[in-house]
Amino acid sequence: MVRVRFAPSPTGPLHIGGVRTALYNYLFAKKNNGVFILRIEDTDQNRFVPGAEEYILESLEWCGIKFDEGVHVGGKYGPYKQSLRANIYAEYINILIKNDKAYYAFETSEELNALRKDYESRGETFQYGINNRTKLKNSLTLSSSEVGDLLNSGNPYVIRFKVPENKEVIINDIIRGEVRVKSEIIDDKILFKSDGLPTYHLANIVDDHLMDITHVIRGEEWLPSLPLHVLLYEAFEWEMPEFAHLPLILRPDGNGKLSKRDGDRLGFSVYPITWKDPKSGEIYRGFREDGYYPEAFVNMLALLGWNPGDDREIMSMQEMIEAFDLRHVHKAGARFDPIKAQWFNHVYLQARDIKLVAEEFKNELSKLGIDITIEKAEYISEMMRERANFVKEMVTESMFFFKAPEELDAKAIKKWGTEKSVEWINDIIEKFEEMPTFESSTIDEVMNTYVKERELKAGNFYNTIRICIVGTSKGPHLSKIMQYIGKEETISRLEKGKKYF
């Protein structure tokens, strides 16, 4: 059975790149009738951020990405939080030491920094590994009694992996193809830290093995760690999962990986939901709070690096599951386009049940102290959503339904006004006053008849009237606005608008 996992670290908010990794794992699991697991990798206690784990859970829940096993739903492979699995890692690091696949290293941070500076002074880069480990302070160079004394005295130490010599590591990545790396360039990475907790490398491999993970689908940034992970599987004599390393999400200009600083600088979200930094108190905006529907956000995100094999862009979660194939994931980075992201939400807004849109519109208005009936909300929503990407935009652009414009657009007046504008306004006020009913169809009939009888340029006439009612020459069907605000308010706005012409 296919078993995949998403394994974030609670060191901060979940970037949209992390959400995409979770999404691809979810789509792959569901496509193959497999199991999707959430594992929290919290071994780096120095970088732990309060609230980050809860943020991850809330973000993925909003996206509709559901787990079969994990920290919040349980399962027979738990615990699903690495800080609760320390005794398990201790057992496996001892196996590596016993089999001469790992060793103790006793250098202090100060000693290692001195070594790095010494190498730098000679124009070289210090790497703890095959080329120098037999000259350093570790259990490969010290006697067993010296090692025992250092361990018993409580001397700080780490445990490093012993990279095998003269070996070419060969891996086949589902997305990248064959990857070849010579062992001489691989560090003897730390597997166990001085605080008694494993590093990512050991915990990740042990957990993936014990949880029967069949496919590791993760970001491109983990590709440099792949040779080490392959060597660890070989050291334990375990069967390896298949690997797939996803492309980066790039900035809109294509130059470099998308970061939170890019979002701040260019004015768009890079997080699924709003995040408040517990240390600085700084607030980072989220797609949810910007007004995106989760379905639109997920649809947009899925196509950043993958395509369904055809030209479809709008797809439900179920359609994406049915179409998903790792062979259609691109190798090259995927450029994030904030305008395209808005387009996705626009499409979903147009297709959404108008009653749901009206309810959302009504709720947004109530935040501004404007309370209307659901029937009126539906009436306005039907008109306003055609031009909007978000419900919030509908609210901003529909204020003329609730109050007369304070100022009229001078540029629009200059473009559409004529020396006859005031005469037209007076005439149409008179005709409106005579109307027994003030409904959209009859309003249109009165105005159309007037334009034809006077042989007017329709653009000049209708925009003159619209500017008085709305404040500018843009907006939905004019007579429907008039019907909503009523005869009295319509005439009042026309009277006030005359002075501008």
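I began by noting that the model I am reading is a predicted one.

**Parallel sheet.** I looked up the strand order and found an open sheet of three strands, E1-E2-E3, in which the pairing is parallel. Strand E1 (3–6) and strand E3 (69–70) are at the edges with a single partner strand each, so one side of each has no neighbour in the sheet. I then followed the pairing of E1 with strand E2 (residues 35–38), which runs in the parallel sense over four bridges, and saw that Phe 6 stands opposite Leu 38 in E2. Helix H1 (residues 16–31) packs on this sheet, where it touches E1 and E2, and its direction makes about 165 degrees with that of E1.

**Antiparallel sheet.** I next turned to the open sheet of three strands in the order E4-E5-E8, whose pairing is antiparallel. Strand E4 (102–105) and strand E8 (190–192) are its edge strands, each pairing on one side only, and neighbouring strands are turned by 45 degrees against each other on average, direction ignored. Strand E5 (residues 158–161) pairs with E8 over two bridges, and I noted Ile 190 in E8 as the bridge partner of Arg 160.

**Helix H19.** I checked the span of helix H19 (residues 478–498) and found its end C-alpha atoms only 18 Å apart, short of the 30 Å that a straight helix would reach at 1.5 Å a residue. H19 bends by about 115 degrees at Gly 486, and Gly 486 is one of the buried residues of H19, which also include Tyr 484, Ile 485 and Arg 493. The buried residues of H19 pack against helix H13 (374–384), helix H16 (421–434), helix H17 (440–454) and helix H18 (458–470).

Methods:
Residues are numbered from 1 along each chain as its sequence is written. This is a predicted model: local features need pLDDT of at least 70, side-chain atom pairs count only at pLDDT 80 or more; totals for chains, interfaces and linings use all residues. Side-chain values use heavy atoms; hydrogens and water are left out. Two strands pair if DSSP finds at least two bridges between them. Axes are lines fitted to C-alpha atoms, for helices over the stretch in contact, and angles run from 0 to 180 degrees between N-to-C directions. The expected span of a helix is 1.5 Å times one less than its number of residues. The bend at a residue is the angle between axes fitted to the seven residues ending there and the seven starting there. Buried means under 20% relative accessible area, exposed over 50%, partly exposed in between (1.4 Å probe, protein chains only). Contact means heavy atoms within 4.5 Å.
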